[in-house]
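Thanks for making the time this morning.

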Amino acid sequence: MPLPGVPEMSLVPLPRLIVEPLVRAALLEDLGLAGDITSASVIPSEHRSTVVMAARQPGVIAGLDAAELAFTLVDPEIVLRRHVQDGDAVKPGDVIATIEGPSRGLLTAERTALNFLGHLSGIATVTAEIAAAISGSKASVACTRKTTPGLRALEKYAVRAGGGTNHRFALYDAVLIKDNHVAIAGGVAEAIRRARAGVGHLVKVEVEVDRLDQLHEAVETGVDAVLLDNMTPDQLREAVAVVAGRAITEASGRVTPATAAAIAASGVDLISVGWLTHSAPVLDIGLDFVEATATEKSPIRVAHVL
C-alpha cells in the first residue's frame with residue numbers, strides 16, 4: 001500500500017533513451033581508439049559461441065537491459081535470452097541469461113555487461129535485505145542522492161528492483177532543507193517560509209531536523225515531510241508522536257539490516273539509506289562459455305562448465 005504522498009514504486013523499465021548513452025559511454029571507455037585488440041587478433045571473425053551469465057552468490061537481479069545493450073551495441077548479431085527478470089531472486093548456479101553470437105563481440109562486451117549487471121544487482125540485493133528486515137512494518141526503504149555520478153537513474157532503478165522506493169531524483173524535483181540551509185536562513189521556520197515562497201505549488205518541501213524543538217517548529221510552520229536525522233528508536237518514536245500524521249516521517253543515519261527493524265518499529269514512514277547506492281557490494285556474476293563453434297579456419301573447442 002503506498003504511503004500518503006509517497007507513490008508506490010513499480011518496476012517500470014527505464015527507457016532505452018536513458019540507458020543506451022550510459023552503456024555506450026562505458027563501451028567507448030573500454031574500446032578507446034583501437035577497439036578490442038586482444039579478441040580481434042586471437043579470435044577469427046567468423047567464430048561463434050554460446051555463453052551463459054550465471055549467479056555465483058545469492059542475490060536479486062537488476063540491470064538486464066544494460067547488460068543486453070552492451071552485447072547488442074557491440075554486435076547486433078548477438079542474441080540474449082533471459083531466464084530471469086529484474087527483481088527476481090537467484091541462488092548460486094542459477095543461469096540468468098544465455099547469449100549466442102560472434103565470439104569476438106561476446107568477449108568484447110563481456111566486462112561492460114557484467115559491470116552493469118553486477119553493480120546494479122548488488123544494489124538490488126542489499127535493498128532487498130533491508131526491505132526484508134522491515135517487512136511487517138509500514139516503513140519503506142528509500143535511497144538518496146549518494147549515487148555514482150552519471151549512473152543515478154540506473155542505481156535508483158536497481159533500488160526499486162530490490163523492493164525499495166526512491167527519494168528525490170535530484171536538486172530540481174523536491175525541496176530538502178538541511179542543517180546548512182537552516183543555519184544560513186536563521187532558523188527552521190524561516191527556511192521553510194523562504195522555500196515555500198520560492199517554488200511552485202506542486203513541489204514538496206522536506207526539512208531535516210535532529211532535535212525535537214526543531215521538529216515542533218517544522219510541523220507548526222507546515223512541511224510535507226520531516227527527515228529525522230541520526231535519532232535513536234526511542235527518539236524516533238517520540239518524533240512520530242509529535243508529527244501525528246501531519247507530515248511524512250523519514251528516518252536516516254546508522255541504518256543496517258540489524259538496526260532497520262527497530263527503526264521501522266518506531267512508526268516512521270520511510271527509512272533512507274545512502275549506502276544502498278554508494279557502498280553496495282557487487283553481486284558476483286560470471287560469464288561462462290558452454291559451446292564454441294569451430295570453423296575450418298579456427299578449430300577451437302571451448303567448454304567451460306559451471
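At what angle do helix α3 and helix α4 pack, and how far apart are their axes? Before I answer, please keep in mind that this is a predicted model, in which local features need pLDDT of at least 70 and side-chain atom pairs count only at pLDDT 80 or more, while totals for chains, interfaces and linings use all residues. Residues are numbered from 1 along each chain as its sequence is written, and side-chain values use heavy atoms, with hydrogens and water left out.

Now to the answer: α3, residues 64-74, packs with α4, residues 103-133, at an angle of about 160°, and their axes are 8 Å apart. That makes α3 roughly antiparallel to α4. The axes here are lines fitted to C-alpha atoms, for helices over the stretch in contact, and the angles run from 0 to 180 degrees between N-to-C directions; under 35 degrees counts as roughly parallel, over 145 as roughly antiparallel, 65 to 115 as roughly perpendicular, and the rest as oblique. The helices themselves (H or I, at least four residues) and the strands (E, at least two) are DSSP runs, numbered from the N terminus. The crossing of α3 with α4 is right-handed, a term used when the near helix is turned clockwise from the far one by less than a right angle, with anticlockwise giving left-handed.

Which residues make this contact? From α3 we have L64, A66, A67, A70, F71 and V74, and these meet G105, L106, T108, A109, E110, T112, A113, F116 and L117 in α4, where contact means heavy atoms within 4.5 Å. Sorted by class, the contact of α3 with α4 has 11 nonpolar, three polar and one charged residues; Ala, Val, Leu, Ile, Met, Phe, Trp, Tyr, Cys and Pro count as nonpolar, Asp, Glu, Lys and Arg as charged, and the others, Gly among them, as polar.

The second pair is α7, residues 188-198, and α8, residues 212-221, which pack at an angle of about 30° with their axes 9 Å apart. These two helices are therefore roughly parallel to each other, and their crossing is right-handed. On the α7 side V188, A189, I192 and R193 take part, and they meet Q214, E217, A218 and T221 in α8. The residues of this contact divide into four nonpolar, two polar and two charged.

Staying with α7, its buried residues are V188, A189, A191, I192 and A195, buried being under 20% relative accessible area, exposed over 50%, and partly exposed in between (1.4 Å probe, protein chains only). Seen down the axis of α7, these buried residues fall within an arc of 160°, so they line one face of the helix; the arc is that of the directions from the helix axis to the C-beta atoms.

Just after α5, G163 takes a positive phi of about 95°.

Most residues other than glycine have a negative phi. N230, in the loop between β9 and α9, has a positive phi of about 55° although it is not a glycine, and at 34% relative accessibility N230 counts as partly exposed. A244, in the loop between α9 and β10, has a positive phi near 50° and, at 55% relative accessibility, counts as exposed.

Finally, the chain as a whole has 11 helices and 12 strands, and buried residues make up 49% of its 306 residues.
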